[in-house]
Amino acid sequence: MKEHEFYVGLEGREVFWNIPLPISEVFLFSLTFIALAIFGYGIYRRWNMWKAIGKPEMRLDDMGRRVKTVLTELFLQKKVLKDPYPGVIHGLIFFGFFVLIFGAAFDAGQHHITEPLFGWTFLKGNFYLIFSFLLDLFGLFVIIGVVLALDRRFVKKPDRLGYKGKMDNTPDDVIVLLLIGVICVTGFIVEALRIHVTNPPWEVWSFVGWLLAQTFTGIAIDTARTLHQVSWWVHALIALGFIAYIPYSRLLHIITTPANHFLQSHKPTGYIEPIRDFENAEAFGVGKLDEFTWKQIFDSDACTRCGRCQDGCPAYLTGKPLSPKKMVQDIKTYWLENAPAAVAAKKAELEASGEAAKQNVFMRGLNKVDSVVDKAVLSFKGDKAPAEKALVGEVVDLHELWACTNCMYCMEHCSASIEHVPKIIDMRRYKVLTEADFAPELQLTCRNMENNSNPWGVGAHMRGDWAKELGIKTLAEDPSVEYLFYVGCSGSFDDRGKKISIALAKILQEAGVSFGILGNEEGCCGDSAMRAGNEYLFQALAQTNIDAMNGYGVKKIIAICPHGYNALKKDYPNFGGNFEVYHHTEIIAKLIADGKIRLTQPLSGTFVYHDSCFLGRYNNVYDQPRQILKAIPGLQLVEMERSFDKSFCCGAGGARMWMEEDIGERINNARTKQAIAVKADTIAVGCPFCLTMMSDGIKDQQMSETMQAWDIAELVVKAMGKEEIKPPVDACAV
Amino acid sequence: MNIIACVKQVPDTEAQIKVKADGSGIEEGQIKWVMNPYDEFGVEEALKLKEKNGGEVTVVSVGPARAMETIRTALAMGADKGVHICDPAFDSADAFVVANALAAVIKTLPHDIIFCGQRAIDDDSGQVGAMLAEALGLPQLTLVTKLDFAGTSVKVIRPIEGAQLLIETALPCVVTCQKGLNEPRYASLPGIMKAKKKPVDVKDAAAVGIATDAKAKVAKTVPPPARPPGKIICGDEPAQKAAELGRLLREEAKAI
């Protein structure tokens with residue numbers, strides 16, 4: 001076909017223009033086949049590796065929801081865009097590439113299917129013009145995305161793309177970006193050369209190619225034709241190379257990351273699968289790689305090292321060795337070291353069982369290919385057996401393992417739906433249950449919980465003492481109350497925490513809410529034990545509470561501690577405790593909205609609300625505490641930079657409340673500084689652990705004169721004008 | 001090496017102790033029972049010796065049926081077997097009877113070293129270890145805070161006021177353990193599970209074969225008197241208040 005055959009009214013272009021057919025086509029098909037074969041084989045090898053190590057786990061329930069999740073994560077880039085700047089860069093490349101691939105598919109579809117089979121062409125007329133415009137636009141997006149990504153990785157160098165100031169860039173990171181960039185640039189060159197030669201007026205719609213073509217005016221037509229052919233082949237070869245390269249590079253995330261979204265847990269946030277059989281197990285938790293489930297290992301293959309997790313990890317940001325990204329990457333590296341041997345072992349098992357002989361020709365062929373590739377890999381890498389390393393203690397350092405506060409920032413923000421916290425708890429279970437090797441102070445905490453059902457070890461008989469003389473009934477006295485107020489250990493034993501209990505009791509009494517407590521029949525919720533890995537103790541504590549609660553026919557529960565709230569709500573159902581559980585801020589917000597309590601007493605000052613992890617990220621209770629504060633007259637409410645789902649942990653979660661913090665800055669001090677930075681004079685909290693941590697932080701920062709920490713319930717009592725103002729005691733006046 | 005650890009079940013240090021109305025003892029209903037903390041040091045030291053030198057650890061306890069829990073705790077920590085001396089005849093046993101009962105049982109067992117707590121935190125008598133050594137005719141090393149095993153003998157450190165004694169004796173011997181000797185381990189879960197299946201030999205008074213008549217009898221149990229309230233010295237002048245404090249310390253408290 002010659003150039004002059006194009007004319008206005010027949011907008012379109014010839015696919016394979018200037019490319020001598022059919023020899024090129026045959027050549028291209030062969031190359032495509034090879035590229036796809038290399039791609040497919042890579043995925044097959046990876047598949048075998050995914051299958052080779054790990055316990056079984058089913059993640060195929062609720063398919064509708066799973067498909068929906070993948071689609072929203074893919075086409076809305078929901079989690080990726082949670083962090084706008086890198087999210088947009090990724091979006092430019094992702095959406096750009098996606099549209100370009102569709103474009104190529106349209107080209108191929110017309111050329112190889114609709115035209116030869118049905119004589120139907122659709123890349124013409126207005127459709128062609130819009131098609132050309134979009135393809136150029138999205139091609140440009142990709143190039144912009146690649147440039148910004150390179151700039152971010154090599155010029156801006158944000159900390160999260162590294163670890164402790166050292167970037168974790170690999171050659172692969174550059175190769176991948178360059179491949180993508182070069183594919184688009186050569187695509188535009190091919191287009192521009194074609195436009196330069198054929199020069200149809202409508203190609204102004206292919207605006208990038210058209211603009212580029214304007215710079216080619218000096219190139220002779222014949223030269224341009226040759227250049228076109230050369231760049232066409234370069235473009236085609238690199239694009240095919242890209243496909244072949246996917247399974248062997250970070251590009252694999254194109255498959256593993258959506259797969260991981262698909263496979264994500266549908267349990268409530270922070271849910272930890274209990275150990276269900278203590279009697280027959282030899283080891284507990286995860287001490288070896290193959291004690292993880294395959295999905296827990298697969299997670300690490302979905303990790304793109306984006307570092308979103310690290311960006312808000314309270315342990316990492318205060319100088320501890322833990323980085324969720326590093327932990328996941330270390331597990332991945334360890335898995336990659338061990339997977340070949342595991343794959344070989346599975347194959348040998350198959351041989352030995354005689355199953356291998358029953359395989360079809362195709363599989364047997366693949367096995368032959370495998371052995372050739374294995375040998376090649378071996379000769380390339382050398383016959384080095386992976387160093388004998390312990391998963392817990394060496395691959396994952398114990399300081400990393402114990403630094404985690406279970407704050408859930410990593411999982412909330414992971415753009416690949418990786419589940420870090422359950423892995424950490426599984427490894428802690430191994431240290432605590434199987435080895436009984438853990439921090440002495442945490443051992444004491446566990447003993448205290450065992451003997452007196454509270455972490456402090458205060459006599460269990462004193463649990464109900466705070467409520468004496470407040471007119472609060474126990475369920476033993478009146479089991480017909482509407483709500484059980486589950487006080488928890490802080491509210492029962494800690495002097496500061498008791499004030500929260502008293503405040504809430506006053507509010508409930510004032511509002512006429514029917515409630516009671518368990519008194520000395522109440523026990524520790526067990527959250528700290530569970531998150532420390534002491535599942536055995538946790539289940540014993542949980543069962544005692546559940547039996548007491550079910551014994552009184554409890555249906556609705558109010559908790560002042562988000563740790564108990566979360567455990568009762570999400571973990572107790574595993575052991576026969578099914579209750580409607582509310583946090584006191586949920587109840588108080590409702591009482592205010594219903595006009596049951598009136599906040600008439602103004603409080604002055606600048607207030608900041610610190611989101612408790614177990615309330616916010618774990619249970620999505622972000623609004624009620626703020627609604628309450630906004631209902632209090634007089635005060636000015638400000639927000640810290642890290643708030644809502646980006647809130648920064650106080651440092652007490654994940655049993656860290658009971659452990660020494662001797663590496664780096666104290667997390668509670670770091671958080672207090674963030675409150676000081678917004679000039680708050682009151683830190684309002686909804687968690688007794690947070691209250692302790694913030695109070696200590698204020699003391700440490702020597703801000704006690706001008707700054708205070710209060711629980712929301714205490715502030716509400718003040719705003720109700722119900723706070724008893726006790727005159728200073730004058731002993732001599734008596 | 002054959003190691004014996006003697007353990008006693010006592011109320012948790014935080015438990016609320018209520019005296020029975022008739023003064024015949026304490027109310028046991030609500031009490032959380034634990035292993036005597038000083039005995040834990042003994043069990044831990046026994047386990048450390050076993051881990052280093054091989055051998056077997058046997059826990060021996062005198063106590064009612066509930067004391068079995070404490071024996072299981074020691075077995076969960078890693079002890080190999082237990083002997084539970086359990087008979088109502090021992091309900092009113094004093095240190096002398098308990099020491100004799102332990103001695104009678106231990107005589108029937110091979111023993112190179114015997115650990116006891118320096119005292120039990122319930123009755124605080126601190127006599128059983130010493131009496132046991134006497135009953136067995138063995139050397140006794142009491143209030144030990146450090147122990148070095150040297151094949152056929154042990155060297156221990158025993159703090160005394162202002163100094164430490166370094167004592168050496170040949171085995172077998174009785175060692176009573178003081179805080180500082182070690183940090184008792186937390187039982188692993190496999191340990192707890194295995195403990196359920198370890199052998200515990202339950203012996204009644206007849207099997208032990210000793211006289212169970214106590215030398216000392218508890219006449220009556222009474223709660224300690226309530227503490228009198230503190231006194232606040234009032235006045236305007238610090239000097240005047242100091243003088244009053246001095247007078248009270250001399251005349252009322254007789255402290256100076």
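Trainee: In what order do the four strands of the open sheet in chain A stand?

Mentor: This is a predicted model, in which local features need pLDDT of at least 70, side-chain atom pairs count only at pLDDT 80 or more, and totals for chains, interfaces and linings use all residues. Residues are numbered from 1 along each chain as its sequence is written, while chains are lettered from A and ligands numbered from 1 in the order in which they are written. Strands are DSSP runs of E with at least two residues, helices are runs of H or I with at least four, and both are numbered from the N terminus; two strands pair if DSSP finds at least two bridges between them. The pairing in this open sheet of chain A is parallel, and the order is S8-S7-S9-S10.

Trainee: Which strands of chain A are the edge strands?

Mentor: An edge strand here pairs on one side only. In chain A this holds for strand S8 (636–638) and strand S10 (708–711).

Trainee: Which residue in S8(A) stands opposite A:Phe607?

Mentor: Strand S7 (residues 606–609) of chain A runs parallel to S8(A), and three bridges join them. Within S8(A), A:Thr606 has A:Gln636 as its bridge partner. Opposite A:Phe607 stands A:Leu637.

Trainee: Which residue in S9(A) is the bridge partner of A:Tyr609?

Mentor: S7(A) also pairs with S9(A), in the parallel sense and over three bridges. In S9(A), the partner of A:Tyr609 is A:Ala684.

Trainee: What handedness has the β-α-β unit of S7(A), H23(A) and S8(A)?

Mentor: A crossover is right-handed if, with the strands pointing away from the viewer, the path from the first strand over the helix to the second runs clockwise. The unit made by S7(A), H23(A) and S8(A) is right-handed.
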